[in-house]
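Please find below a colleague's note on the model under review. It is arranged as numbered points.

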Amino acid sequence: MSPAKARVLLLALSGMAASARLPSQPFPPPTASYQITCQLDPEKKTVEGTEVLTWKNTTSKPASTLRLHLYLNAFRNTLSTFWRESQVDHRDHRDHRDRRLPDSWGSIEIVRMTGSDGADLLPAMRFIAPDDGNANDRTVAEVILTKPVRPGETISVAMDFVSRLPRVSVRTGYKGDFFLVAQWFPKIGVFEEKGWNCHQFHAWSEFFSDFGSYDVSIDVPARYRGKVGATGQKVDERETSGGRVLYRFKQEGVHDFTWTADPGYLVLEDPFREAGLHDVQLILLLQPEHASQAQRYFRAAKAALSGYGRILGPYPYPTLTIVDPPWGARGAGGMEYPMLITCGTSWSAPKSVQRPEGVTVHEAGHQFFYGLLASNEFEEAWLDEGFNTYMTDRVLQATYGPNHVALDVFGLHFPLGIDVHHPLDTNRRYFEVADWDLLASESWRFRSRLSYGGQIYAKTALTLSTLERLLGAPAMDKALRLYADRWRFRHPTTKDFIAAVNDSTGGDWNWFFDRTFFSSGVVDYAVVEAKSERAEPPRGLFEKDGKLVEKTPAGTTGPKTYDTIVTVARRGDVAMPVEILLRFDRGKPYRSKWDGEARWKRFRVEGGPRLVEAIVDPDEQILLDADRTNNGLRTEDDLRAATRWTARAVFWIQNMIDFLTVAW
């Protein structure tokens, strides 16, 4: 251990008795806990650390090895799996061009590893690639133990490591004096009954880890005094020798630890208080040029804690830190970590445009799915990203109403006055890739990032919004709450959510998920025929006084009556129950429900009023319908259509431009 690290460790340990007592929380027993001391070298862009990992085997099988995530090695060179996968779609990770610079590569190196018995474990470590067999990937390491960790036993492993941070682009790194230090320490995988679940770092996958307690001391230069934020509660801040400052953070019941430092931060705080929910101190680390948007950040974070908390249960931690990255560090924005989120805005963002509101609600919402449920984002990413997108739409719609498009011209934003409705308009990217991939796929098996985003985020959100409309909002909320209460801190799977829906409703909704999560088929219903013609008197032989006569019976037709025929077709592969609405020029509209299973259904109305229009799914319950332009037909041309389509065309041109410039 270097003298500097030894000094930091001594200071951290000496402060244990004096540190503030943390409030008791109903957190689960720890599985993977970490005590870390580290030093930031802003010039070298490195973090040197000493880590003591304490891990408990909670399965019924012995563990003869340990597997560790070394995420920063994804940025080590162009041979990593992450880099190779990033080249599939030229729009992916645009900031990677900066990584061609010599000072923008990243890595993590373990320089010492000692077991509980004092054995040197470093010679027994090797790199593996369990997902793709890439011999050049260094993001997963396996360590052979001197003796197995039996069920219920605990092992401690001490490590020294050096992390080199890349120029920020994807979830971690630096930009000038700004640092987002994420996925930065050796982190153990999840040991399951079937063995280690420890995937490589892929181009568009995220993370999966066990809950535990974190005690992290961070040594930074004095110019960062008061400008450090992190997961957990700050329990100590003190000067050290050499013009440096030591921060110490502690937290139980979390599954990762991230920190940030920037001497330019404005540090603002605002409490969240609402009856029935826990008090939370909001800490905003804000760029000075965005000072006028501070209250927009706070309002959005409070909307998320309230909207999510009322449905999914209260956020249980005492603080939430909101990070506003500097200009040029776009890759640091829009990311979630336990008790810390990164957002982003621009100095000219109009109040009518939900930025920073949208990203703040979304990232704060991750605290409930990613943070508290902690499902496996490598294998079932939709359980976090997709569910969170669905809830984001609900909170934004309830709090702010529709979003509004703004034209971005050299950093200046000009509102176009076009409404963007949640959730349908905000998730239309799904329709471009509707049949590209199966939603229920491991994250690295998608055709491209375009498909990953369209399926994982947008399709899941539209699927859950459709389910909400079929169940009704109260029943949907009941299902979500049952799911959240059952599986908080327990790594739920898709089948657990389906069971919660079935149990809460008393029905069998497996058919719905078979056709959505587990299908790449497309939903598309269309009105293919809608005509209403003047009714003609019936002709032929008719019975009168016991005889057949060639005379039209009285009362069979009236003046100006019409015969109507409407045909609705299922053009997509996937069937959903739908409603059909027929509107007439006088009288009440006619509604009919159809199970949607057949390829078509025909409706006839004889001797009635003239049909004006026919619409399938008039209330937009089936938000997965891939082409709503064919959902209705009028019997006469509507001149208003030209105006509507012109407005929509302007919106979608801007939407396309925005899509090409904003990463997921």
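1. Basis. The model is predicted, with local features requiring pLDDT of at least 70 and side-chain atom pairs counting only at pLDDT 80 or more, while totals for chains, interfaces and linings use all residues. Residues are numbered from 1 along each chain as its sequence is written, and side-chain values use heavy atoms, with hydrogens and water left out.

2. Strand 9. Helices (H or I, at least four residues) and strands (E, at least two) are DSSP runs numbered from the N terminus. In strand 9 (residues 178–181), Phe-178 and Leu-180 point one way, and Phe-179 and Val-181 point the other way. All four are buried, where buried means under 20% relative accessible area, exposed over 50% and partly exposed in between (1.4 Å probe, protein chains only). In a regular strand, side chains alternate between the two faces of the sheet.

3. Partners of strand 9. Two strands pair if DSSP finds at least two bridges between them. Strand 8 (residues 173–175) pairs with strand 9 in the antiparallel sense over 3 bridges, and Tyr-174 stands opposite Phe-179. These two strands form a hairpin with 2 residues between them; Gly-176, in the turn, has a positive phi of about 65 degrees. Strand 17 (residues 259–261) is also antiparallel to strand 9, joined by 3 bridges, and there Ala-261 stands opposite Phe-179.

4. Nonpolar core. A nonpolar core is a set of buried Ala, Val, Leu, Ile, Met, Phe, Trp, Tyr and Cys residues joined through side-chain atoms within 4.5 Å. The largest one has 169 residues, of which Trp-55, Trp-184, Phe-257 and Trp-259 touch the most other members. Helix 3 (residues 294–312) gives the most to this core, with 11 residues. Beyond four places in sequence, the contacts (heavy atoms within 4.5 Å) of Trp-55 include Leu-66, Ile-155, Phe-191 and Trp-196.

5. Glu-377. Which loop holds Glu-377? It is the loop between helix 4 (357–373) and helix 5 (385–400). Glu-377 counts as buried because its relative accessibility is 1%. Its C-alpha atom is separated by 5.6 Å from that of Glu-206, 171 residues apart along the chain. Leaving aside neighbours within four places in sequence, Glu-377 is in contact with residues including Glu-206, Glu-336, Asp-384 and Glu-385.

6. Gln-251. This residue lies in strand 16 (residues 244–254). Gln-251 counts as buried because its relative accessibility is 4%. Not counting residues up to four places away in sequence, Gln-251 touches, among others, Phe-27, Tyr-214, Gln-233, Tyr-317 and Met-339.
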